Amino acid sequence: ISSLDANHIAQVYTLINTFFFQKGLDAENPDKICNCFQQLFISTHNFEFFLFLRDSSYINKKKKGVDKSSCNYFFIKKINKEGSIIGNIPKALSTYKSEYVYLFSEIEKFKNENYPEDRAYMMPNIVRRFLEIYTLMKLPGNRNEIDNRLKTLFAEQFSELKILHNFSHFTSFDRATKHSELILRIPDVIEDLYKILENDPIHLKSLKEGI
């Protein structure tokens with residue numbers, strides 16, 4: 001499930017509920033909601049859709065009269081350019097209704113573990129997504145690209161922050177060609193990110209409490 005607006009995400013979620021979970025299939029208990037599948041896998045990188053699934057009474061079997069079965073959540077994580085692993089879902093995703101908190105938890109862990117090379121490959125996208133959310137919270141009416149929003153927010157520090165230069169022009173096709181180059185600079189980028197967050201100490205403190 002990707003590239004859907006909020007309305008279509010809700011429609012897909014409704015379709016899953018009505019197609020895979022149905023009443024009237026058990027003659028002895030017509031109000032019972034039955035599973036219309038042997039095993040169901042749903043994969044998404046859309047956090048809003050994930051929240052729909054996580055909170056679903058059908059999928060998680062929270063309602064009376066629902067055919068009981070287990071539901072597990074996993075996380076597919078890219079570990080390098082060639083490989084990925086499937087593991088348990090991170091606590092920040094299973095506990096909090098916030099993609100933003102989860103992204104910060106990954107950045108904080110990466111920084112605290114002294115920038116391990118085996119996780120560097122995924123960090124540009126994590127940092128970029130974190131900054132997209134952060135800058136849109138700060139400038140909800142600004143429709144510019146992320147680097148322009150950063151420049152608006154931190155004009156006085158513009159020449160000092162490597163993060164602004166690393167994310168300049170990092171859009172569309174350029175994202176693919178500049179990604180490997182950015183990996184090499186990711187410690188500097190994260191150092192800049194913390195300089196930005198330190199301008200808002202209450203927010204940074206709350207983020208750390210959130211994880």
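These legends walk through a few close-up views of a predicted model. Residues are numbered from 1 along each chain as its sequence is written, and side-chain values use heavy atoms, with hydrogens and water left out. Because this is a predicted model, local features need pLDDT of at least 70 and side-chain atom pairs count only at pLDDT 80 or more, while totals for chains, interfaces and linings use all residues.

View 1. Helices (H or I, at least four residues) and strands (E, at least two) are DSSP runs, numbered from the N terminus. Read along the sequence, they follow the pattern α-β-β-α-β-β-α-α-α-α-α-α-α-α. Of the 211 residues, 39% count as buried, where buried means under 20% relative accessible area, exposed over 50%, and partly exposed in between (1.4 Å probe, protein chains only). Among contacts (heavy atoms within 4.5 Å) between residues at least 6 apart in sequence, 53% join residues at least 24 apart.

**View 2. Strands β3 and β4 form a hairpin.** Here β3 (residues 74-78) and β4 (residues 84-88) run antiparallel and are joined by five bridges; two strands pair if DSSP finds at least two bridges between them. Five residues carry the chain from β3 to β4 in this hairpin. Look for K78, which stands opposite S84 in β4. The covered face of β3 holds F75 and K77, and the uncovered face has F74, I76 and K78.

**View 3. K77 sits in strand β3.** K77 is buried, with a relative accessible area of 17%. Leaving aside residues up to four places away in sequence, K77 touches S84, I85, E106, K109, R119 and M122.

**View 4. The second largest pocket holds about 160 Å³ of space.** On a 1 Å grid over the protein atoms alone, a pocket is an open set of points where a 1.4 Å probe fits, with protein on both sides within 12 Å along at least five of seven lines; lining residues have an atom within 4 Å of a point. Grid points are joined across faces, edges and corners, and the volume is the space filled by probe spheres set on the points. Ten residues line this pocket, and P90, K91, A92, S105 and I211 are the closest to its centre. Helices α3 (91-95) and α4 (99-112) are the elements that give two or more residues to the lining, and α4 has the largest share, with four residues.

**View 5. N125 belongs to helix α5 (residues 123-138).** N125 is partly exposed, with a relative accessible area of 39%. The C-alpha atoms of N125 and I183 are separated by 10.0 Å, although these residues are 58 apart along the chain.

**View 6. Helices α9 (residues 186-198) and α10 (residues 201-210) cross at roughly 115 degrees.** Their axes come within 7 Å; axes are lines fitted to C-alpha atoms, for helices over the stretch in contact, and angles run from 0 to 180 degrees between N-to-C directions. From α9 come Y194, L197 and E198, and from α10 come P201, H203 and L204.
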